[in-house]
Amino acid sequence: MQHPGQPPGEQPFWSVPLPGLYRRLTTGTDGLSEDAARRLLAQYGPNQLRPKRHVDAATLFIKQFTSPIILILLFAAVLSSFLGDPTDAVIIMVIVLFSGVLGFWQEYEASGAVEDLMALVQLKAMVLRDGHEIEISFEEVVPGDIVVLNAGDGVPGDCRVIDSKDLYVDEAALTGESYPSEKEPADLPVDTPLAKRTNALFMGTHVVSGSAKALVVRTGRATEFGQVSRQLTFRQPETEFEHGVRRFGYLLMEVTMLLIFAIFAINVFLHRPVLESFIFALALAVGLTPQLLPAIISVNLAKGARRMAGKKVIVKQLSSIENFGSMNVLCSDKTGTITEGTVRVHSAVDVDGRPSKKVMLYAYLNSYFEKGFTSPIDEAIKSYEKIDVSRYRMLDEVPYDFTRKRLSILVSDGQTSTIITKGAMQKVLETCAMAEMPGGERVPIGRAAAQIDSLYRDLSSKGLRTLGLACKPVDKKETILKDDEIAMTFLGIIVLYDPLKPGIAETVQDLKRHGVSLKIFTGDNRLVAASISRQLGLRAGIITGPEMYHMGDEALWARVNDVDVYAEVEPNQKERIIHVLKRAGNVVGYLGDGINDAPALHTADVGISVNSAVDVAKAAAAIVLLENDLNVLIDGVEEGRVTFANTLKYVFMATSANFGNMFSMAGASLVLPFLPLLPKQILLTNLLTDMPEMTIATDSVDEELVEVPRRWDISFIRKFMITFGLVSSVFDYATFAVLLWLMHASVDQFRTGWFVESVISASFIVLVIRTRRPFYQSKPGKYLVMATAFVGLLVILLPYSPLAGLLGFTPLPPLFLVALALIMSAYVTMAEVAKAFFYRRVRY
């Protein structure tokens, strides 16, 4: 459908006068009515760059059968039915179908859970509807809406600026321009290039400072960003977890393909039926390949995300859970995380450190009239003391930015006009030529520099934050620019404090006990940072932003693991520190909620934000905390480690008993005059051993597995597979010996006996390898126990059931069940010994 922003043949929206644009979009200065907005949403669809990937049950079900090996097996089964064995073909297809249904049910449930969680952290936009400001989700914004924007807000569509105040927008995502663009109302020529459309705002950008009202003209894929997105493949960078899963899949696939080709070739060489040998080899492949790995991982991560949500941690990207659990370094801003985040005024003092009413008045005027950047500091100053400013009038403002680190306003009391500048101490002092002494005397700044510096150091060493204040009278001036911030007079210091959160020192130590070291990034000076560091019990070393400018990456790399506090840090330096920490072998998390935190959130292995963060930070994060509290984060880390530990349990199961059984079967097929198991029996073995493994997401996890970060290690998994696969094979061959030499079993008895031993051993050994402790010292989850017991009972009863004939089974003599019990006892004992030996020799 044609979007209303620019009908065919009509001039583009940035060149149309606003009244004409209102008519084109059938809206007005009070915004849309609710009824009109609903109609437009139905007409143009949700405001999305890509349609939401709602889970389609049919597609998900079909996906369970798209594995090449499964397709070939089904084809071979159909071929077998035409060649005279329809019963076996039907049984094979039923088992494959049932296995697919199990995988489908698990994945469908998991995908629904993820959709529910994502709804908790939607981005919001403030719009005018029927003349009233209301908050709606980005997806509900439609052409004709009027949006209200402030610093930190994301732009929800391509918009035309209606009115603005000192509006600066970061358009780097669209134009590549690193400096914010100033925006203001205007009519521009039709041929104005994208980067020069100063009256337009674009989806995918965000407000750095200032405020505005804007008319939404285009939404979704009709926006400039949407046009670009059509040419791009949206894919998140592969996480370490996804990389590990992929490598694990390749490892098993390589082993599987080598084995089945060898088995097929040797069976044909031994003059066994070609089709039977082919189906046998394919069934072995099904037993060896981790078919349920995607489903198990999806279920495990989704259940983990649900548990984390119960602890106020929302996971936006499921694969980030592993990185969250593996994180060994957490970088965080100080304000609101370490401190209470509520800045309070301590005092307003002159250069002698004495309370000053003039300093307080001028600070109040600066904060009261400031409009461009909503700041907690300004709120603190205004709430500290109520001052009547009715005789003053603001004429102009130069808003705060992260380069100047100061804010200037021009005010008039009816007789004189004065520029008042407030900001970081050094940045304010840079603008000053004079300093005002307590008696009103003005002296050159150089004469007062030592006194000011001494006062600044004394306050900072006590952990108090400082802002400098300066002024300059000006005549007949209605506007000011950044260039006017010169030859000013330093008045004094606004002293602020933001107390540490109660119990934060204990929380930091708790992080350490979990193997996570905290790195604090702060814009405060070295002295304030040192005070905070001492209170938290962190190491004494500090690196400042100015020092980093003179350090190469190698020099920073040599120190980065030993330094816990980075002071006077510029926004772009956060990203550099994280890069170097990652190079030093760390898994790095970054907790940020501000406008300038987005690059660092993208760079970190796991970007973490809070639900109260600005839009751009929340959008960049993979994990969102519903509370800005490190205790919440620690709970989330523990749940992340539980999820990862349970995922690894499935990997260990798939590479031990299952692998050992299939390997034994392959070997036995070469020496026995018959196939040790029929294809349908192999598939049934695979299906039944999968059942306990499907409950692994609910299993309990030993404390030692969540105490420290753990990472994916293919080398460790390979060693585990060889060790426990061989242990499994030893007892498989012991079962062969009992069946052939002790019981002199027939072909059907051999297959039945080995089927029972294979399934029971693979199911029950799960209880051993799920823990590093002796199995009787670690309590498994109740669903795992129930599933294991159910499968064991079912397998023992199956040879005596009416289905036995169809499946090729026959009743077993009691002697075999006694022998099976002895073999299983020996297997469990040997597995425990091997486990103790393995974990002593192989570190993980």
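## The open sheet

Eight strands make up an open sheet whose order is S8-S23-S22-S21-S9-S18-S20-S19, with mixed pairing. At the edges lie strand S8 (313-315) and strand S19 (542-544), each of which pairs on one side only, and from one strand to the next the twist averages 20°. The model described here is a predicted one.

Within this sheet, strand S9 (residues 329-333) and strand S18 (residues 517-521) run parallel and are joined by five bridges; leucine 330 has leucine 518 of S18 as its bridge partner. Helix H20 (residues 571-583) lies across S9, S18, strand S20 (565-567) and strand S21 (588-591), and its direction is at about 160° to that of S21.

## The hairpin and its neighbour

Strand S1 (residues 124-129) and strand S2 (residues 132-137) run antiparallel and are connected by six bridges, with lysine 124 having serine 137 in S2 as its bridge partner. The two strands S1 and S2 form a hairpin with two residues between them, and in the turn aspartate 130 adopts a positive phi of about 55°.

S1 also pairs with strand S3 (residues 146-150), again in the antiparallel sense, over three bridges. In this pairing, leucine 128 has isoleucine 146 of S3 as its bridge partner.

## H25 against H29

Helix H25 (residues 679-693) packs with helix H29 (residues 782-797) at an angle of about 160°, their axes lying 8 Å apart. Angles over 145 degrees count as roughly antiparallel, and H25 and H29 are therefore described as roughly antiparallel to each other.

On the H25 side the contact involves Leu688, Met691 and Pro692, which meet Leu784, Ala787, Thr788, Phe790, Val791, Leu794 and Val795 in H29. Sorted by class, this contact of H25 with H29 comprises nine nonpolar residues, one polar residue and no charged residues.

## Two oblique helix pairs

Helix H23 (residues 630-654) and helix H26 (residues 714-742) pack at an angle of about 40° with their axes 9 Å apart, and they are therefore oblique to each other; their crossing is right-handed. Leu648, Val651 and Phe652 in H23 meet Phe716, Ile717 and Phe720 in H26, so that by class the contact of H23 with H26 has six nonpolar residues, with no polar and no charged ones.

The axes of helix H12 (residues 357-369) and helix H13 (residues 376-384) come within 9 Å and cross at roughly 130°, and this pair, too, is therefore oblique. The crossing in which H12 passes H13 is left-handed. H12 contributes Met360, Ala363, Tyr364, Asn366, Ser367 and Tyr368 to the contact, while H13 contributes Asp378, Ile381, Lys382 and Tyr384. The residues of the contact of H12 with H13 divide into six nonpolar, two polar and two charged, whereas the contact of H23 with H26 has no polar and no charged residues.

## Salt bridges

The structure holds 36 salt bridges, one of which may be described in detail. In that example the side chains of arginine 457 and aspartate 453 meet at 3.2 Å, N to O. Both arginine 457 and aspartate 453 belong to helix H15 (residues 445-461), where they are four residues apart, a spacing of about one turn of the helix.

Note on methods:
Residues are numbered from 1 along each chain as its sequence is written. This is a predicted model: local features need pLDDT of at least 70, side-chain atom pairs count only at pLDDT 80 or more; totals for chains, interfaces and linings use all residues. Side-chain values use heavy atoms; hydrogens and water are left out. Axes are lines fitted to C-alpha atoms, for helices over the stretch in contact, and angles run from 0 to 180 degrees between N-to-C directions. Angles under 35 degrees count as roughly parallel, over 145 as roughly antiparallel, 65 to 115 as roughly perpendicular and the rest as oblique. Contact means heavy atoms within 4.5 Å. A crossing is left-handed if the near helix is turned anticlockwise from the far one by less than a right angle, and right-handed if clockwise. Two strands pair if DSSP finds at least two bridges between them. A salt bridge is a side-chain nitrogen of Lys or Arg within 4 Å of a carboxyl oxygen of Asp or Glu.
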